[in-house]
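Hi there,

Here is the structure I promised to pass on to you. Have a look at it first, and then read my notes below.

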Amino acid sequence: MKRIDLHLLGPLIALIGLFILGALLNPAFLAPANLSNVLARSAFIGLIAVGMTFVITQGGIDLSVGSMAAFIAGITIMAMNALAPITGANWGTILLGMGVALAGGALAGYVNGALVTKARIEAFIVTLGTMGIFRSLVTWLADGGTLSLDSGLRTLYRPVYFGGIGWITWPIIVFAIVAVLGEWTMRHTRFGRHVEATGSNDRVARYSAVDVARVRLQTYVLLGALVGLATILYVPRLGSASGSTGVLWELEAIAAVIIGGTALKGGTGRVWGTVVGVLILSLIDNILNLADLVSPYLNGAIQGVIIVLAVVLQREKRTADER
């Protein structure tokens, strides 16, 4: 009889348990408006976490994604505000702004990846540095304040976040599509196999004719593009960006990836697990707020504890497998 892998099913069991707990603590938890809000707010972190899954699976890390999101949001707003007097407050201007967000995210990811692969600097050091650079740049562009989207564009752009099909908003739909594509890519494409091979043992991967540097660079570009996509969905929510935008998003994304079962040292990636991890973090936050159990200022501490526990459990499993 095949033994059930609790390490594999653990996150899913935890998600179901949290869903039941939330329903028992507060009937408002099951309200469509609350569930829609939880899922929509999860979409930003979820999109970034899908990209982070590929980066961590190949043995890397990216601490700059929160600051990158703030910077991309800032330049997207500036681009649309600059274009509005020329092209008008219409969807053409918004689509150009979306293009700026995607291109800017991919370029930022390329910079991180190039510094890691071509300059051969540790990913932790590179992304720690670019985290400060991106955050400083958006603060400078906003002159220490807030960059706000033109009111006409904001009104037109709002349905991208608040609209959808019934109570399922567009961020939820986009996140679901990206998650499915991400899982398929990891499991059924040459790129996904190369990502796992690189993270498992980059020397063996090179002997197997895998272009390790190229694979690593591509994962950072992918992550950057998904940060840009998350920004496209985030900007219409508030219509603004500042130096405080995206704070701790990197912590949430990394936590979601680790909770979902992706090995922190690389080699094993589970996009579906990452999705479960994102939902677990969002449900914990929502349950604590609805039940008024813990101050919202402690959310970062709770996420930090979850990361440590998830890594400890991974290490224990790895030790048990080696015996």
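The side chain of Thr262 makes a polar contact with the backbone nitrogen of Arg270, at 3.1 Å. Please keep in mind that this is a predicted model. You will find Thr262 in the loop that links α12 (249-259) to α13 (271-291). Although Thr262 belongs to a loop, this residue is buried: its relative accessible area is 0%, and the limit for calling a residue buried is under 20%.

Next, the inside of the protein. The largest nonpolar core has 84 residues, and the members that touch the most others are Ile48, Met52 and Tyr157. The biggest share of this core comes from helix α2 (residues 32-57), which supplies 13 residues. Leaving out residues up to four places away in sequence, Met52 touches Asp62, Val65, Leu223, Ala253, Ile254 and Val257.

Two of those partners, Val65 and Leu223, turn up again where helix α3 meets helix α11. Helix α3 covers residues 65-87 and helix α11 covers residues 212-238; their axes lie 9 Å apart, at an angle of about 55 degrees. The crossing of α3 over α11 is right-handed. On the α3 side, the contact is made by Val65, Met68, Ala69, Ile72, Ala73 and Ile77. From α11 come Leu223, Gly224, Val227, Gly228, Thr231 and Val235.

How do α2 and α8 lie relative to each other? Their axes come within 8 Å and cross at roughly 25 degrees. Since angles under 35 degrees count as roughly parallel, that is the label for α2 and α8. Their crossing is left-handed. Helix α2 brings Ser36, Leu39, Ala40, Ala43, Gly46, Leu47, Val50, Thr53, Phe54 and Thr57 to the contact. Helix α8 answers with Pro171, Ile172, Val174, Phe175, Val178, Ala179, Gly182, Thr185 and Met186.

Pro171 deserves a stop of its own. It sits in helix α8, which spans residues 170-188, and with a relative accessibility of 0% Pro171 counts as buried. Apart from neighbours within four places in sequence, Pro171 is in contact with Ala40, Ala43, Val160, Tyr161 and Leu233. For a sense of scale, Pro171 and Leu309 are 138 residues apart in sequence, and their C-alpha atoms are 30 Å apart in space.

Finally, a word on backbone angles. Most residues other than glycine have a negative phi. Which residues here have a positive phi without being glycine? Two that I can point you to are Arg120, with a phi of about 60 degrees, and Leu248, with a phi near 70 degrees. Arg120 belongs to the loop between α4 (91-117) and α5 (123-141), while Leu248 is in the loop between β4 (240-242) and α12. Arg120 has a relative accessibility of 70% and counts as exposed, because the cut-off for that is over 50%. Leu248, at 38%, is partly exposed.

Happy browsing, and do write back with any questions!

Best wishes

Notes
Residues are numbered from 1 along each chain as its sequence is written. This is a predicted model: local features need pLDDT of at least 70, side-chain atom pairs count only at pLDDT 80 or more; totals for chains, interfaces and linings use all residues. Side-chain values use heavy atoms; hydrogens and water are left out. Helices (H or I, at least four residues) and strands (E, at least two) are DSSP runs, numbered from the N terminus. Buried means under 20% relative accessible area, exposed over 50%, partly exposed in between (1.4 Å probe, protein chains only). A polar contact is a pair of N or O atoms within 3.5 Å; within protein, one must be able to donate a hydrogen and the other to accept it, and residues adjacent in sequence count only if both atoms are side-chain atoms. A nonpolar core is a set of buried Ala, Val, Leu, Ile, Met, Phe, Trp, Tyr and Cys residues joined through side-chain atoms within 4.5 Å. Contact means heavy atoms within 4.5 Å. Axes are lines fitted to C-alpha atoms, for helices over the stretch in contact, and angles run from 0 to 180 degrees between N-to-C directions. A crossing is left-handed if the near helix is turned anticlockwise from the far one by less than a right angle, and right-handed if clockwise. Angles under 35 degrees count as roughly parallel, over 145 as roughly antiparallel, 65 to 115 as roughly perpendicular and the rest as oblique.
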